[in-house]
Structure formats: C-alpha cells, structure tokens
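Please keep the sequence and the structure at hand.

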Amino acid sequence: MKKEKYLMMSVVGLALYLIATGLSFGIFSWMGSRAQADSSTQESASKGPQGHFAVDPSLPKSELCPINGMYFTKPERETWEKRRPLAVMIENHAEARPQSGLSSADVVYETVAEGGISRFMGVFYCGAAAAPVTLAPVRSARTYFLPWVLEYDALYNHVGGAGRCEDGTVDERAKALCQIETWKVKDMDQFGISFPTCYRNYDRLDHPVAPEHTMVCFTDKLYKLASERGWTNVDTKGVTWDKSFESWKFKDDAKEGDRSASFSGSFVAWKGYEKEYGVRWDFDPATNMYKRFNGSAAHTDLETKQQLTAKAVVIMFAKETGPVDQHAHLLYENIGSGTGFLWQDGKEIPITWKKATRNARMKFYDAGGKEIELNRGQLWIEMLPIGTPIKK
C-alpha cells in the first residue's frame, strides 16, 4: 500500500513539474518575444525618415511648402504648422563625411568656415515633418550664416561658435555668439543641450574621428526642447515665425524636351583645395536634378546611402574678407547685392542676388530685373568669394 502511495505521489509530482515547466517556458517565451518586438519598434521609430516614414508616403501630396515650393501630404503640413524652421550647422571636414540629414533639408547653404573648408547650414521644416531626422556632425556658428537664420526667424542649432561679446581675441565683426544674443536669435546651442537631444557618437562612422566631428542631434528632440522654451510656430510673445517671411517664387519642372541634355558645373572656394573640397554638380535630365560630388566622390547621406541632389543650385559671389583675427575667422558680405548664376533645368542663368537688410529675404533676379521662379524641391545656395572660377 505504501509503495502504491509513493508511486501515486511521484506521478502527481512529475505531472505538476511538467505543467509548471511548460507554463514557465510559455510565459518567458512570450515576454521575450514582446521585448524583442518593443525593441524593434523603438529602433524603427528612432530611424526617422531615413529608415521609415511615420506619415504614409503614398498619400496625396497637395500641400505647398512655403520654403522650397515642394508638395507634401496633409499630415506633414499639420506637423510643420505647429513648428518653425530649424537651421542647423553641419560640417564638411573630409574626416566627418558622410554627413547625416542634409537630404531632408528644404534648403542648404554652403560657404567656407575657415582654412578652405566649407560648412553647411540646412534649413529643416517641411522635409523633416514626416519623421525624425538625424543631424550630424553638428558644428559651430559663424556670423555670415546668421542673416540667413534671421530670414526664417528660425531655431538655430550649433555647437558653440566664434566669439562671445567679452572675447577680446575675436574680431568684433566675427562674434557670432555675441550677435546671436544681441539679435535675439532663438538659440539652440548644444552647450546648453544635453543627452538625448544631442550627444557625441564616436561610432557613427566606420573610422575613428576627432571629438569635434562626432556631435549628433535629432530634429524631433530639438523641436520638443524648443516647445518647452516657448518657441513653436509662435514665439513667447505670440508672434508667428512667418509674419514677415516672403516665399520665393516657384514653378514646375521644365518639360523634358526643354531641358538641356547634359550639364556639369564645378568649383572650389579656395585654390589648392580641389582634392578634398572641390564641388561638382552633374545634371540628370531624366529626373531634372543635379547630383552632388564632393572632393571628386559622390556626396551621400549616411542615413539614406543616397547621393545628395538638388532641383536648383544658386551660385552667389560675395566679398570675402580675412582672416580677420588670430582664430582665422572670415567675413562675407551677404547683405546688399551681388552677381551669380542659377543652375536649373540643365541650364545656366546669370543672376543678381539682393538682401536689403540683415532680416530681409534674399532674392534672385534675372538680367531684366525680374524675380526668378525656382524649381520646386531642395535648393542649394553656394556662396563663393568674388572671382571664384566656375568650370563647365
């Protein structure tokens, strides 16, 4: 009887053990798959438009972007209307390439910072509405970018910059940080911004780089911080960013038969820097776009892996002065007027650029004095020293 009792207890114990084991396995398997799914979702969400779109890209594109004339979806417009443009300094040192985010900018400005090395300022608004954009490497402010920032009453994201007001080592005219404060620019200096909005990512590229080439920021987090500071589509006084903003005039692409069969234009801001900093734009008549080459190689965006393109490229010549102090700071006269060229539809058009005041919109005119209509899409503005040779 005892043996039967012990046998029964053993069978029951074994059954309970198997049931408990099965339940444990099922619970932990479910938890593991749930955690993996959550991790995948978070990873996908962090990629921004370079990885996926939060807005369905197949929706009708009926909403006009006031900055570059491109059409976007209604949900994208509903997003950007709650914000203001975001201007971001992105460097172009050879070690820092490829950059992240330039392909999502509505407009990109480029000119030399120091030592023949150019720097970009991307203006993000409509193209950054679909999902977060990764921006890198973010770098320091320069005085001649500020008149462009002020055109949009934009948020200005950078990492420090040239000259605080009390800095006696910097030429008064080059004191970008002092001017940001004096001119009441909506400053998003990384020195006052912490992780995770901006941080140094030493593993962004497949090769080691100096610390100054590692700063990464994110559009969604910058916009969240700006909102906390009272800078949405309106400022702390309730004034909308576009109260005095003037859009450029836009047009549709020229018909394929009216485009040039081919066009290529190249330049380098400083002689002797062709190998790493020479720029070439090659026209593709099939897409009516210009493909960018930087330092003789196709210029790509790290996130999309695609070559950077533009619907139109403005070449504007401006007086270059400097270096003006011990830091080799430069000055460019981009307030006033000057000459240049527009590359559009595979053709080159002589232009005059005009910017009446620091806050006024820079505009472009043809030989007859008529404001030029620009193709809808991303625009690049290349500011070069007067006399820079353009090879075609």
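Two strands count as paired if DSSP finds at least two bridges between them; the strands themselves are DSSP runs of E with at least two residues, numbered from the N terminus. The model is predicted, so local features need pLDDT of at least 70 and side-chain atom pairs count only at pLDDT 80 or more, while totals for chains, interfaces and linings use all residues. Residues are numbered from 1 along each chain as its sequence is written, and side-chain values use heavy atoms, with hydrogens and water left out.

Strand β13 (residues 279-284) pairs with β14 (residues 289-294) in the antiparallel sense, over 6 bridges. Here Val-279 stands opposite Asn-294 of β14. The hairpin of β13 and β14 has 4 residues between the strands, and Asn-288 takes a positive phi near 60 degrees there.

Strand β12 (residues 264-267) also runs antiparallel to β13, joined to it by 4 bridges. Phe-267 has Val-279 in β13 as its bridge partner. Strand β13 is largely enclosed by the rest of the structure, because 5 of its 6 residues are buried (under 20% relative accessible area, 1.4 Å probe, protein chains only).

The next topic is the cavity. A cavity is a set of points on a 1 Å grid over the protein atoms alone where a 1.4 Å probe fits but cannot get out, and its lining residues have an atom within 4 Å of a point. There is 1 cavity of 30 Å³ or more. The largest cavity holds about 90 Å³ of space, a volume being the space filled by probe spheres set on the points. Its lining has 14 residues, and those closest to the centre are Glu-110, Val-112, Ser-118, Ala-269 and Leu-384. Strands β4 (107-114) and β24 (379-385) are the elements that give two or more residues to this lining.

Conventions
On a 1 Å grid over the protein atoms alone, a cavity is a set of points where a 1.4 Å probe fits but cannot get out, and a pocket is an open set with protein on both sides within 12 Å along at least five of seven lines; lining residues have an atom within 4 Å of a point. Buried means under 20% relative accessible area, exposed over 50%, partly exposed in between (1.4 Å probe, protein chains only).
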